[in-house]
Structure formats: structure tokens, C-alpha cells
Amino acid sequence: MIERSAAEIQQILQNQRTYFASQETKALPFRMEQLKKLKTGIKRHEQEVIDALALDLGKSELESYTTEIGILYEEINFTIKHLKSWVKPKKVKTALTHVGSKGYVIPEPYGAVLVVAPWNYPFQLALSPLIGAIAAGNTAVIKPSELTPNVSGILANLLQELYPPSYVSIIEGGVQTSQALLEERFDYIFFTGSPAVGKVVMEAASRHLTPVTLELGGKSPVIVHEDANIPLAAKRIVFGKFMNAGQTCIAPDYLLVHSKIKAPLIKAMKEVIQTFYGSDPTENPAYSKIVNERHYNRLSGYLKDGTVIYGGKRNDSKQKIAPTLLDSVKLDSPLMTEEIFGPIFPVLEYTSLEEAIELIHSRPKPLALYVFTQDKDTAAEVTGRISFGGGCINDTLMHIATPFLPFGGVGESGMGNYHGKASFETFSHHKSVLQQTNRFDFSFRYPSAKNGLKLVKKLLK
């Protein structure tokens, strides 16, 4: 991995500042054209992206298209459709003290932004924030993950083919390059990754008072209440947990199931796993591998933190771990204190909803939460009492797939959000402007006014 020097990064950033100052990136026709270019470019390189994802993560073509490519098309289409209305200054009401004036909120781009992408969805999570950055009128530097080098190479070829580096630049490299990037004063930083690295990014941003969006992770629970539709819950939970071999920031991290239905739910989940991945998922080419040996060894160690009730098979040569259900898990074990980010699923049971809610409350706020119930009051109690980034009732993952819902974390699972209009707003500063009238003037506001205090008190009471 070739690291980029501080001098190279500084030159790229300076070129982007110069280009941004030309005002070209702010024109609506320009933004529209760049978004259309991005979609055309992705289409042209579709098969290369799918092949690269297979090499780096063992992803199937279906999974790659659905979660890495198709979702980008939807985001671009939605943005192009609505961008004209988003960029317009929004007129707002004015107070009685401002009679005769007009107030506006004008969205403007920040300038040169940095997008730091993760390895688990390396194509989609590099380009999805870029869509928002382009739509808002910024220039952008993209730092892809060094853990998925094949995808990183495709991203580099794609973006270099589409855009001049003074507008969109991709900077490959490892930790040294990332550290050099964080030393620079960007106008906005968008980071997706672990909470530990998120703290490093936020600390670096604070030195320049740079605003940030942090899309992190954490331990996202799934609650299955006693009245849940068990066959459907099993199917949707297995889908959400074991997609990309569990290497998904919003994957269910642990299962909280009512004691009355634990046995039938586990039985149904075992059947679904076999239907989805076969009797030996480690030999199924459509089942993803663990990204590298370090993470493979880390996950293998988690298998000792509970009793395997299903799965547990490993394939060292392919770096695959079969979908695994663990029982008898201690709450203070690493499995329950660290984000798993893999195909290992701890199963906990509860006897009252209050017990499940209190357990979740005892931990940091999760990025996602899922509840399966057929009772509206139960769903309302869970979603109303527990703070989480986003989630689903009677499903998993799918809240991330609609541009109408903002996506982001809360507390230790992140800050800020994006997708759809939220992406445009994230990469825009909302500038307030008051246009005052010259037709008349309120003299009572000036220190020389007679009875000024009396009039002000009448207006402001």
C-alpha cells in the first residue's frame, strides 16, 4: 500500500479550494450533470465492482448489486428529482419587531469535504456520501479503506475517469495517509467506521473546529416479543444478521427473545439458515467471507464466550465462519461488550418487556433497533422508550434502503445523518439572511429614542 505524503495531500486540497472559489460547483446545472455522470460511470463499471467485491469480501452478485450498486442508483435518482427544490432559498416568516423585512434561509456548500469510507460496504459507503457532497455543491476528497484493495482500485479508476482531482479526488493509502488527511483543515468531515476510530476523527476535527458526521456502530438489539409472527421474524432476522457474514453496522448484534417462544424461534431460524445458505455455508460461494485474518481470528475467539446451539463451523482457508447461534452468554463477556461485526449471534431471553428494555438501557445507545410484535402498543413502547439511531418494526435493515428516511446514529453510535434530502442538508450550511426595508425605520430601537424602552416592552413581553 503506497502512502501519500502530507505535501501531496496539501496540494490536492489547495487545488480544490481554488476550484471551489471559482463558484462553478455551485451552479445547479453543474451539480445535476455531475450526478448523472456518476450514475453513468457506475453502470459502465458494474461488473468490475461486482468482481472486486467478490475478491475482497466474497460477496455474491445479488448481494453486491442490491446493497452496493442498486442502492446508489436509487439515491442518485432521488437526488436529481428533488435537487431543484432543495437548493432554492426558503422564505421564512418574520417577527412583529421585523415588520417590513424578509427572511431567507439559503443552503450553501461548506467547501472542500473529506469522506472516509469503511471496508464492509466499501463501494456504496464511499459514494453515497459523495452524492450528498456533490448535490450540495462541494468539492470532495474520498479516502477508501485499505482493507478492500480491489474495490479501492475500482473506485480510483472510476472517479479519476469522471472528475478532475480539483473537484473530486480519491486518495488511497493506509493509516499513515489517513493520519495525514486528518491533519489538514477540511471544511467538513464525513466518517463511517468504528466508535474507536470515530473518536480519533472527532479529536482531529476539533483542532480546526471542523464539523463532522460520524456514522459509527455498536450493539444493535433485536427484540422478538411473545406475539411475534415466528416464521416471518426468523426469515427477516437471519436475512439482516448474516448478510455480508454479519459485517454490517446495522446488523442485529444480539437477540432478545421472550422465553415463551425461544425454542420455536430458534428452530425456525435454524431452518431458515439452511434454506438460505445450505448445510455447510462455509462452502457456499454466495456466503461472504471475513474481510481479513485479524478479524477472522477475533471472531473465532468469540465462539468461546457461549454455548454453540447452531453453526460454529470455520473454514480457515476461505476465512469463513458459518452462521452461529450462541446460548448461555455472559453479559460481561467480550461478546456482549464489543460490537461483533460478524456471523455470531448471541441469544438472550426475557420474561417481561420491561426486562428487555432495561437491559438495552444499561448499554450505550445503539445504531439500530428492531422489534418484532403484532401489538401496536408494544411497538410504541419499545420505540418510544429506547433511544437509537433508526430501526424497524417487524423487519431488519430495510430502514436504510429508503431515501425518505434519514440514517444516522445517536450517542456512541454516531452523530448526524444522511440519505435523500438529509444528505444534501448534511453537506450544506443553512445561511440566514434578513433583507430589511428602506421604506421606513423604527426609531425606538436606537439609544436616542424617547420612550424607547416603553415601546420595546410592549413588543417583547
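## Briefing on sheets, helix contacts and selected residues

Leaving aside residues up to four places away in sequence, Thr139 touches Gln16, Tyr19, Phe20, Thr25, Gly111, Ala112, Val113, Ser166 and Tyr167. This residue belongs to strand 4, and in this predicted model Thr139 is buried, with a relative accessible area of 0%.

- Strand 3 (residues 112-116) runs parallel to strand 4 (residues 139-143), and the two are joined by five bridges, with Val141 in strand 4 as the bridge partner of Leu114.

- Another open sheet consists of three strands in the order 1-2-20, with antiparallel pairing; here the edge strands are strand 1 (90-92) and strand 20 (428-435), each pairing on one side only.
- When direction is ignored, neighbouring strands of this sheet are turned by 30° against each other on average.
- Eight bridges connect strand 2 (residues 102-109) with strand 20 in the antiparallel sense, and Lys102 stands opposite Gln435 in strand 20.

**Helix 3 with helix 4**

- Helix 3 (residues 46-57) packs against helix 4 (residues 61-87) at an angle of about 130°, and their axes are 10 Å apart, which makes helix 3 oblique to helix 4.
- The crossing in which helix 3 passes helix 4 is right-handed.
- On the helix 3 side, the contact involves Glu46, Gln47, Val49, Ile50 and Leu53, and these meet Glu61, Ser64, Tyr65, Glu68, Ile69 and Tyr73 in helix 4; the residues of this contact divide into six nonpolar, two polar and three charged.

**Helix 9 with helix 10**

- The axes of helix 9 (residues 230-242) and helix 10 (residues 262-277) come within 8 Å and cross at roughly 55°, so that helix 9 is oblique to helix 10.
- Helix 9 and helix 10 also meet in a right-handed crossing, to which helix 9 contributes Ile230, Ala234, Lys235, Ile237, Val238, Phe239 and Phe242, while helix 10 contributes Pro264, Leu265, Ala268, Met269, Val272, Ile273, Phe276 and Tyr277.
- The residues of the contact of helix 9 with helix 10 comprise 14 nonpolar, no polar and one charged.

- Phe239, which lies in helix 9, is partly exposed, with a relative accessible area of 31%, and touches Phe276, Thr396, Leu397 and Met398, not counting residues up to four places away in sequence.
- Phe239 and Pro211 are 28 residues apart along the chain, and their C-alpha atoms are separated by 35 Å.
- Ser328 is located in the loop between strand 13 (324-327) and helix 12 (334-337); its phi is near 55°, a positive value in a residue other than glycine, and Ser328 is exposed, with a relative accessible area of 51%.
- Asn394 is found in the loop between strand 16 (390-393) and strand 17 (407-408); the phi of Asn394 is near 65°, again a positive value in a residue other than glycine, and at 26% relative accessibility this residue counts as partly exposed.

Technical notes: Residues numbered from 1 in each chain as written. Predicted model: local features only at pLDDT ≥ 70, side-chain atom pairs only at ≥ 80, totals over all residues. Heavy atoms only, no water. Axes fitted to C-alpha atoms, helices over the stretch in contact; angles between N-to-C directions. Helix = DSSP H or I, 4+ residues; strand = E, 2+ residues; numbered from the N terminus. Parallel < 35°, antiparallel > 145°, perpendicular 65-115°, else oblique. Left-handed = near helix turned anticlockwise from the far one by under 90°. Contact = heavy atoms within 4.5 Å. Nonpolar A, V, L, I, M, F, W, Y, C, P; charged D, E, K, R; others polar. Pairing = 2+ DSSP bridges. Buried < 20%, exposed > 50% of the residue type's maximum accessible area, 1.4 Å probe, protein only.
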